[in-house]
Amino acid sequence: MAAKADRRTPLVVVGDALLDRDLTGSADRLAPDAPVPVVSECAERIRPGGAALAAYLAARDGREVTLITGVGDDPAGRALRELLEPWLNLVPLPLTGTVPEKTRVLAQDRPVVRLDRGGGRVREATDEARDVLRSARAVLVSDYGRGAADVLRDALAARPPLVWDPHPRGGPPVPGTRLVTPAEKEARGFAPSEVRPGGLRAAALNAAALVRDWRVAAVTVTLGSRGALLSYGEHPLLVPAPAAHHGDSCGAGDRFAATAAGLLADGALVGEAVEGAVSAATAFVAAGGAAAVPPAGSDRALAALPDTDDPGALAARIRAEHGTVVAAGGCFDLLHAGHVGLLQAARRLGDCLVVCVNSDASVRRRKGGGRPVNPLADRVRVLRALACVDAVAVFDEDTPERLLGDLRPDVWVKGGDYAGADLPEAALLQEWGGQAVLLPYLDGRSSTALLARAAEGAR
């Protein structure tokens with residue numbers, strides 16, 4: 001696996017795998033024998049579901065993933081293995097029955113009916129699964145109530161997971177779990193009956209009650225297009241979604257849990273992980289949900305970015321494999337929390353992030369004498385050390401337009417302090433169908449302000 005992927009902490013996912021199937025067609029008439037739509041010209045597509053989808057999404061993020069799940073030798077089980085094994089390490093648990101299958105019939109991309117079959121449950125744990133959990137650096141439990149978490153509960157209790165995504169048919173998370181991620185309806189069902197009425201206040205009361213009842217560090221109740229509510233037991237934090245999308249939300253909970261677990265594994269605080277997970281789930285729904293997840297057999301290289309210092313080669317490879325190239329630019333003279341937050345948010349918008357940084361001469365022309373404080377070599381080294389940065393490119397002009405013309409990114413990101421300013425790069429991006437976007441900076445953070453405070457302190 002390439003060097004960039006190695007910076008991300010490996011993740012072990014424990015849970016119940018499903019095989020999801022979509023039959024997508026069009027419907028423009030009702031059946032003559034019943035008032036039901038006739039869906040014709042159906043195209044079939046299968047994908048991982050349940051815990052398998054969470055593990056697959058984490059692997060596509062460029063992370064080494066091991067999935068512990070029930071899977072047999074039935075047709076659905078064999079299909080699931082073929083989808084997963086190129087991407088992750090699979091540790092099978094013995095299954096009674098067959099791998100559960102969910103089949104959705106969609107007309108004009110809207111669900112018409114869902115068909116379920118296969119009621120397989122995990123029969124018992126294995127020594128291999130226990131050994132994997134004992135040595136795991138980070139664990140996500142994706143419990144779909146089919147026995148995987150139950151049979152390994154003692155091992156999970158010994159090393160509480162970072163994230164537990166619960167299911168009404170499953171058991172409670174083990175005490176000590178760092179973050180539990182029920183949906184709003186699930187939280188109502190899990191919580192004591194006296195705090196079950198609906199609304200934001202009910203979500204806050206339910207979350208606080210579950211923190212105490214489950215003896216976990218935090219509970220975040222996912223609220224769909226409204227974002228998520230995070231509680232440590234009192235004074236909840238509401239993390240709003242960056243945008244409201246009303247598309248196919250299938251799989252959004254798995255996207256949320258996989259992102260939160262990955263960020264926590266890499267050292268993020270719980271609040272930071274929830275913010276990142278809300279953004280990722282929102283983007284996931286906007287892109288079409290689980291139905292739009294790239295086929296498991298495609299663009300394997302996106303899970304392990306090429307180990308190269310050539311930004312152009314990186315961008316070309318990602319583009320050739322139908323990935324999204326993101327670029328961000330700036331002087332990055334004194335790297336501060338505003339820079340880091342911007343770059344982390346930018347990386348989540350695509351499959352690689354190239355940072356375009358001003359040369360020393362370019363900085364002097366823009367900022368005046370005495371700048372940059374840090375020479376180019378130091379600035380590049382610090383940027384390359386960030387896990388969210390995949391490559392760094394240097395430009396000597398006042399603006400990066402020539403460099404962008406070479407890289408041709410899909411998304412160009414600038415900090416929100418540019419709002420209202422002229423962005424000449426925006427028109428350039430439109431030439432190849434790209435988009436320039438503004439992302440918010442943390443308020444009050446800037447290299448200039450840091451230098452001013454340092455000078456004031458020296459006096």
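# Close-up views of a predicted model

**View 1. Glu41 is exposed, with a relative accessible area of 73%.** Exposed means over 50% relative accessible area, buried under 20% and partly exposed in between, for a 1.4 Å probe and protein chains only. Glu41 belongs to strand E3, which spans residues 40–50. Its phi is near 55°, a positive value in a residue other than glycine. The structure is a predicted model, in which local features need pLDDT of at least 70 and side-chain atom pairs count only at pLDDT 80 or more, while totals for chains, interfaces and linings use all residues. Residues are numbered from 1 along each chain as its sequence is written, and side-chain values use heavy atoms, with hydrogens and water left out.

**View 2. The whole protein contains 17 helices and 20 strands.** Helices (H or I, at least four residues) and strands (E, at least two) are DSSP runs, numbered from the N terminus. Of the 459 residues in the protein, 52% are buried. Among contacts (heavy atoms within 4.5 Å) with a separation of 6 or more, 66% involve residues 24 or more positions apart.

**View 3. Tyr56 and Trp87 form an aromatic pair with edge-to-face geometry.** A search of the whole structure finds two aromatic pairs. Rings of Phe, Tyr and Trp (its six-membered ring) pair if their centres lie within 6.5 Å; planes under 30 degrees apart are stacked, over 60 edge-to-face and the rest tilted. For Tyr56 and Trp87 the distance is 5.3 Å centre to centre, with 80° between the planes. Tyr56 lies in helix H2 (residues 51–60), and Trp87 in the loop between helix H3 (75–84) and strand E5 (89–93), so the pair ties together parts that are 31 residues apart in sequence. Both Tyr56 and Trp87 are buried.

**View 4. Phe190 and Trp214 also form an edge-to-face aromatic pair.** The ring centres of Phe190 and Trp214 are 5.3 Å apart, and there is 65° between the planes. Phe190 is in helix H7 (residues 184–190) and Trp214 is in helix H8 (residues 200–214), so this pair ties together parts that are 24 residues apart in sequence. Trp214 counts as buried, at 7% relative accessibility.

**View 5. Arg215 is placed in the loop between H8 and strand E13 (219–222).** The phi of Arg215 is near 60°, a positive value in a residue other than glycine. With a relative accessible area of 59%, Arg215 is exposed.

**View 6. The axes of H2 and helix H9 (residues 252–265) come within 8 Å.** These axes cross at roughly 50°; they are lines fitted to C-alpha atoms, for helices over the stretch in contact, with angles from 0 to 180 degrees between N-to-C directions. H2 and H9 are therefore oblique to each other, a term for angles that are not under 35 degrees (roughly parallel), over 145 (roughly antiparallel) or 65 to 115 (roughly perpendicular). On the H2 side, Leu53, Ala54, Leu57 and Ala58 make the contact, and on the H9 side Asp254, Arg255 and Ala258 do. By class, this contact has five nonpolar, no polar and two charged residues. Ala, Val, Leu, Ile, Met, Phe, Trp, Tyr, Cys and Pro count as nonpolar, Asp, Glu, Lys and Arg as charged, and the others, Gly among them, as polar.

**View 7. The axes of H9 and helix H10 (residues 270–286) come within 8 Å and cross at roughly 145°.** The residues of H9 in this contact include Phe256, Leu263 and Leu264, and those of H10 include Val270, Val274, Val278 and Phe284. By class, the contact of H9 with H10 has 14 nonpolar, two polar and two charged residues.

**View 8. Ala280 is located in helix H10.** Ala280 has a relative accessible area of 15% and is buried. Apart from residues up to four places away in sequence, Ala280 touches Arg255 and Thr259. Ala280 and Leu349 are 69 residues apart in sequence, and their C-alpha atoms are 8.3 Å apart in space.

**View 9. Gly289 lies in the loop between H10 and helix H11 (311–320).** Gly289 is buried, its relative accessible area being 2%. Leaving aside neighbours within four places in sequence, Gly289 is in contact with Asp248, Cys250 and Phe284.
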